[in-house]
Every structure is written in structure tokens, then in C-alpha cells.
Amino acid sequence: VADNDAITELMARCALRDQRAFAELYRQTSAKLYGVAIRILRRQDWAEEVLQESFVNIWNHIAEYSTSRSAPMTWMTAIVRNRALDWLRRPNLERGDEDYDLLVEALPDDAPGPETLLGNSRDARALADCLKQLSGNQRQTIMLAYAHGLSHGELASRLKEPLGTVKTWIRRGLDRLRGCMDGKVN
Amino acid sequence: VKYQSEPLRDALAAEYALGTLQGSARRRFERSLKDDPRLRRLVTEWQGRLAPLDALAEPVQPPARVWNAILDRIQLASGRRVSPARRAFWASLTFWRGAAIVSAVAAVILAVSLTTIMPTKQPQQMMVVVMSDEKSTPGMTVSWPVQPKGEPKIRIRVMGHETMTPDQAWELWMVPGGEQKPVSLGLINTAAEQELVVPRKLMPAMNDAWGLAMSVEPAGGSPTGLPTGRIMYKGQCVKL
């Protein structure tokens, strides 16, 4: 995976309309971003559309990046995630639901813990530590929602729990997550 | 919609970043993001907190058609292609690669300066060529109005620092593209600002040309009517 400084420099050159820098930015980041889109959309043709839309968007709005105060990959991933979620919001859209059950199974209450999955950066360790502070249900719903773009309703039916229960897990889980992570930063 | 209470604002930002804020609530929230920088900040913070979860997504190489489609959509000058059969330098895509990229970038910059230089009431459509050397460094620009009033003239600005020896001449060529041969536009000098009168009957071809090139010729110009010496600068035409 490309490092942030290199990507930031490429983005600065893109802001000056350097198409070769844009090609290099695509080369370095598209596989990761395509992976994110595929995980949410679970269909290759949709993910291709979303990736294309996202990169056109990135090119058109790259000058705004400097004001966002995000890490460059976070900024680009947010564009892809939002595009993918917009795509899912279209009416009469049916996603296949075969493979995220596997992830539900893989993350029971007593799972080994997300720290083994998220990598070893400081931010990743902070998030992993804080995810461990959550209840298993809170952790599971948050990770499923983020990874696959599942709505409250979809989560409730997947997990066979009442909608209100799922909403509460997520709301309280996020609240605890913020408290825990702010404590680590400050 | 105004989201007043701070805990509510943060909770919505969190669910927006997580992706569980959906449907009309999501659209409402996005509308208020537009003119609420502090709310955007809350979203950014949440995106940062959750970003390590992206490590869970396996990278997948997208098919090449995705990049081709992206490139098609962002390219300024498109639709004109050179036949690859031709071996002459002016018909080779490799020859123009780089020049096209620089042209698109620099033409935008030049367009801004042109509009400040030529304060016309009606915006005039201009052809702009940013000509660069083989390292894609811009060395001169050429521009002309698509529909000239009066005598057709092209405006040349030399920015590079190349020198011309007494036994040399710099000759400017219009390159129509495809199979067609370059047409000489005349000799230029090293002055920073200069103008060249173009025959009126050449204007339609100029406005449809693929690009321009400048070659180093013997004193007096090319003996053959076609470029014979080194191409110092070249660039693709962009209509603005």
C-alpha cells in the first residue's frame, strides 16, 4: 500500500491538472478503493461504475482536499464509500447476500479481537483497543455496517434482532468508541 | 435543517461516516453539510476514527476499462486521433504524448491570461497551443482567434531560453494530423512577443489542425518545404 506522503504529493500535482500524476495516483490507490467498493456493493459491474464515478469526482474536487484535514486515503475512501452508499440507495436494487453471513460468523462476541485484523499503525491500534471495550454486539454491528454498507434494517434482519435493539447497539457503541478514542489522543 | 444539540450533531456525523444514516435522513444531513464547516469537521473526525477498518477490505485490481473510461471523461481535448499507420514524426502518437498533457494544463492558465489581455465584450473563441520540448517543458505559446476580425494573425510568445545561431532559422509548422503533411507558417525569431500573418485561406485548416511544431532549419528556412531539422517545440491545439 502506498504511503501517505507520496499520495499527498500526487494529489497536489493533480490539483495543478497534471494528468500523469493522476494516472499514478490511480495506479497506487485504485486496487484498494476498488476493494472497498466491491465489499459494499458485492457486484463487480456496480463497483466498476462507482470506482469510475469516484475518480472523476476526485479529479474534479481535488483542490478541495487541502481544506479537509483528512489523511489522503481517508479522503478518497470517503468519496468511494459515499458513492457506493448512494448507489445502494437507488430504488429497486437487489444485492446478493451470500457472503456477509460469513463475516457475521467470523465475528462472534468472543472473537479474537480486531487488533489482529486492522494492522499496526497507531490509529489502527487505538481503534482496535477501543473496539475491544465495546460489547460483542456493538462491535459486530459497527464493523458489519462499515464494511458492507448495511442499513439498520438490513442489520436487524441479518442478525435476527429487533430494529430498535440494533439501533441502540450502534448508537451506544459509537458513543463509547468516541469517548475511548478521544481519551487516547488527548 | 439545523441540528442544534452538539451530541445529536456528533451522533449524526458518526452514523453518516459509518454509513447507517440512510434515505431521506442522509440527504437532509448532506444538505446541511454544505454550509456547516463545523459539521463537516465532525464527519472528518469520524471518518478518521473508522478509517483503520478499511484494512479489512482486500485490494482488488480493477479491469483496465475503468481507467480508460475515467481518462475519456476527464480529457479536455478528445476525439481527434492520428492514424498509426503513418511513420512520419508528425503522425506518431508518441511524438504528441506529453505535449497533449502539458497543453491541456497550460492552456487553462494561458486562457486566463488571454482574457485579461484582450478585454473584448463578446468572449472570443481562441485556439491555443502550448508548445514544449521533448521533456514536456513549455517553451512557447501560440494563439489566434477562431474567427479573426481583419487580417488573420497568430500571436507567438517565446518563453524558453534556446539560442539561435546565425546559420539557423526557426520555422513554424501547422500539423493537420493524420496523413496530411505539415504546412509552413513562416519563420519566427527569438523575441518574447511576436506576430505572424497567416493567409486567410489557411484559417479553416488552422482551426482544425492537430497541432503546431517548430523546427530548426538552415538559414532561410527549410529547403524542401517540409521540416528537415530537429523539432525544438511542439504542441497540440486546444480550442477555448
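This is a predicted model: local features need pLDDT of at least 70, side-chain atom pairs count only at pLDDT 80 or more; totals for chains, interfaces and linings use all residues.
Visitor: How much area do chain B and chain A bury between them, and why is that called buried?

Guide: About 4,700 Å², with 63% of it on carbon and sulfur atoms. Residues count from 1 along each chain as written, chains are lettered from A and ligands numbered from 1 in written order, and side-chain values use heavy atoms, without hydrogens or water.

Visitor: How many residues are in contact?

Guide: 45 of chain B with 57 of chain A, contact being heavy atoms within 4.5 Å.

Visitor: Why is A:Arg178 with B:Asp10 called a salt bridge?

Guide: The rule asks for a side-chain nitrogen of Lys or Arg within 4 Å of a carboxyl oxygen of Asp or Glu. Here the closest N and O atoms are 2.7 Å apart, so the pair qualifies. There are 4 salt bridges between chain B and chain A.

Visitor: What makes up the side of chain B that touches chain A?

Guide: Helices H1 (6–18), H2 (23–34), H3 (37–50), H4 (64–74) and H6 (99–117) of chain B each supply at least two residues; a helix is a DSSP run (H or I, at least four residues), numbered from the N terminus. H4(B) gives the most, 8 residues. By class, this side holds 24 nonpolar, 10 polar and 11 charged residues.

Visitor: What makes a space a cavity, and how many are there?

Guide: On a 1 Å grid over the protein atoms alone, a cavity is a set of points where a 1.4 Å probe fits but cannot get out; lining residues have an atom within 4 Å of a point.

Visitor: Which residues line the largest cavity?

Guide: Among them are A:Arg81, A:Tyr146, B:Tyr16 and B:Asp54. H4(A) gives the largest share, 5 residues.

Methods. Buried area is the accessible area (1.4 Å probe) that two parts lose on being put together, summed over both. Ala, Val, Leu, Ile, Met, Phe, Trp, Tyr, Cys and Pro count as nonpolar, Asp, Glu, Lys and Arg as charged, and the others, Gly among them, as polar. On a 1 Å grid over the protein atoms alone, a cavity is a set of points where a 1.4 Å probe fits but cannot get out, and a pocket is an open set with protein on both sides within 12 Å along at least five of seven lines; lining residues have an atom within 4 Å of a point.
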